[in-house]
Amino acid sequence: MIVFVYCRFIMELYRPITESPSVKNHLVKFIYNGEDVTRKMMFCRTRVGWVTSGCSLQDLSNFFNNILPNMGETTYRKACKVQKHDVT
């Protein structure tokens with residue numbers, strides 16, 4: 001028997017229409033298999049005033065900036081670099 005296991009992870013980015021397009025005003029939401037799991041993310045500390053169920057984009061950015069040194073990298077580009085491997 002073959003069992004296919006899959007998941008669906010979506011990151012939504014929101015920007016308020018009435019405010020300046022500053023990153024401080026942006027928020028993200030994380031959807032996992034149809035469930036909003038934003039509040040379960042360990043780095044979501046700040047509630048953005050115009051939406052109660054979002055996570056500050058700044059909190060997400062800070063999280064990545066803090067883990068990059070642990071990965072031995074200094075930029076997102078280097079950390080996410082995919083190396084080609086020969087498959088035999």
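Is F43 buried or exposed, going by its relative accessibility? Please start there and then walk me through the contacts around it.

Modeller: Happy to! F43 has 12% relative accessibility, so it counts as buried; buried means under 20% relative accessible area, exposed means over 50%, and partly exposed lies in between, using a 1.4 Å probe and protein chains only. Before we go on, please keep in mind that this is a predicted model, where local features need pLDDT of at least 70, side-chain atom pairs count only at pLDDT 80 or more, and totals for chains, interfaces and linings use all residues. Residues are numbered from 1 along each chain as its sequence is written, and side-chain values use heavy atoms, with hydrogens and water left out.

Now to the rings. A pair of aromatic rings is described by the distance of the centres and the angle of the planes. Rings of Phe, Tyr and Trp (its six-membered ring) pair if their centres lie within 6.5 Å; planes under 30 degrees apart count as stacked, over 60 as edge-to-face and the rest as tilted. By that rule, the structure holds 4 aromatic pairs. One of them joins F9 and F30: the ring centres are 6.0 Å apart and the planes stand at 25 degrees, so this pair is stacked. F9 belongs to strand β1 (residues 9-14) and F30 to strand β2 (residues 27-32), so the pair ties together parts that are 21 residues apart in sequence. Strands (E, at least two residues) and helices (H or I, at least four) are DSSP runs, numbered from the N terminus.

F30 and F43 form an edge-to-face aromatic pair, with 5.8 Å from centre to centre and 85 degrees between the planes. This pair links distant parts of the chain, with F30 in strand β2 and F43 in the loop between β3 (35-36) and β4 (55-56), 13 residues apart. Taken together, F9, F30, F43, F63 and F64 form one aromatic cluster.

C44, in the loop between β3 and β4, is linked to C55 in strand β4, 11 residues apart. C44 and C55 form a disulfide (a pair of cysteine sulfur atoms within 2.5 Å), and their sulfur atoms are 2.3 Å apart. The torsion about the S-S bond is about -105 degrees, so the disulfide is left-handed. C44 is buried at 8% relative accessibility, and C55 is buried too, with a relative accessible area of 0%. The count for the structure comes to 1 disulfide.

Finally, let us turn to the charged side chains. A salt bridge is a side-chain nitrogen of Lys or Arg within 4 Å of a carboxyl oxygen of Asp or Glu, and the count comes to 2 salt bridges. In one of them, the side chains of E35 and K40 meet at 3.1 Å, N to O; E35 is partly exposed at 39%, while K40 is exposed, with a relative accessible area of 61%. D36 and K29 also meet in a salt bridge, at 3.7 Å, N to O. Here D36 is partly exposed at 34%, but K29 is buried at 16%.
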